[in-house]
Amino acid sequence: MSKIKAIIVGVFIWSLGSIFYAASYLFPFLEDQELQANLVLAIIIIPSTWLGANIYYKGENMHGLKFGTIAVLTAMLLDVIITVPFVVVPQGGNHQDFFSAPAFWLIALEYLMVVILYWYLKVNPSYIQS
């Protein structure tokens with residue numbers, strides 16, 4: 001059950017990120033709107049992931065690295081089947097462009113690190129005190 005819950009929470013976090021990413025195009029404040037969307041996502045992924053981890057860890061104790069990996073892989077799968085075909089391809093991009101972008105990997109790493117940090121601070125703070 002904990003892996004299924006991790007996937008469901010991963011979908012929730014991805015959904016929040018996608019909504020804010022798309023909404024950022026409605027309020028242009030930078031000339032490079034892709035950069036703007038990535039900056040918005042990089043910022044919003046922190047509270048979104050923290051919220052998702054808070055939801056996940058009610059009744060679960062999976063290590064943050066494992067939960068984070070499942071959640072990030074869930075987001076990547078959703079990007080493969082939803083984001084790229086419906087957002088990137090119509091704008092002239094492709095899967096290779098999307099997944100080879102440094103911003104993608106930096107945000108994925110940030111996502112994973114927030115989950116791990118949550119686990120160390122909120123779920124298993126004894127690791128820090130040791």
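Is the crossing of H2 and H5 left-handed or right-handed? In this predicted model, the crossing of these two helices is right-handed.

Two packed helices are described by the angle between their axes and the distance between the axes. Here the axes of helix H2, residues 33-56, and helix H5, residues 102-123, come within 9 Å and cross at roughly 30°. Because angles under 35 degrees count as roughly parallel, H2 is roughly parallel to H5. The residues that make the contact are set out by helix below.

| Helix | Residues making the contact |
|---|---|
| H2 | Asn38, Leu41, Ala42, Ile45, Ile46, Thr49, Trp50, Ala53, Asn54 |
| H5 | Ala103, Ile107, Glu110, Tyr111, Val114, Val115, Leu117, Tyr118, Leu121, Lys122 |

Tyr111, once its neighbours within four places in sequence are left aside, is in contact with Gly10, Ile13, Ile45, Thr49, Ala71, Val72 and Ala75.

Helix H1 also contains Val11, which is partly exposed, with a relative accessible area of 34%. Although Val11 and Ala75 are 64 residues apart in sequence, their C-alpha atoms are 6.6 Å apart in space. Leaving aside neighbours within four places in sequence, Val11 is in contact with Thr74 and Leu78.

Conventions. Residues are numbered from 1 along each chain as its sequence is written. This is a predicted model: local features need pLDDT of at least 70, side-chain atom pairs count only at pLDDT 80 or more; totals for chains, interfaces and linings use all residues. Side-chain values use heavy atoms; hydrogens and water are left out. Axes are lines fitted to C-alpha atoms, for helices over the stretch in contact, and angles run from 0 to 180 degrees between N-to-C directions. Helices (H or I, at least four residues) and strands (E, at least two) are DSSP runs, numbered from the N terminus. Angles under 35 degrees count as roughly parallel, over 145 as roughly antiparallel, 65 to 115 as roughly perpendicular and the rest as oblique. A crossing is left-handed if the near helix is turned anticlockwise from the far one by less than a right angle, and right-handed if clockwise. Contact means heavy atoms within 4.5 Å. Buried means under 20% relative accessible area, exposed over 50%, partly exposed in between (1.4 Å probe, protein chains only).
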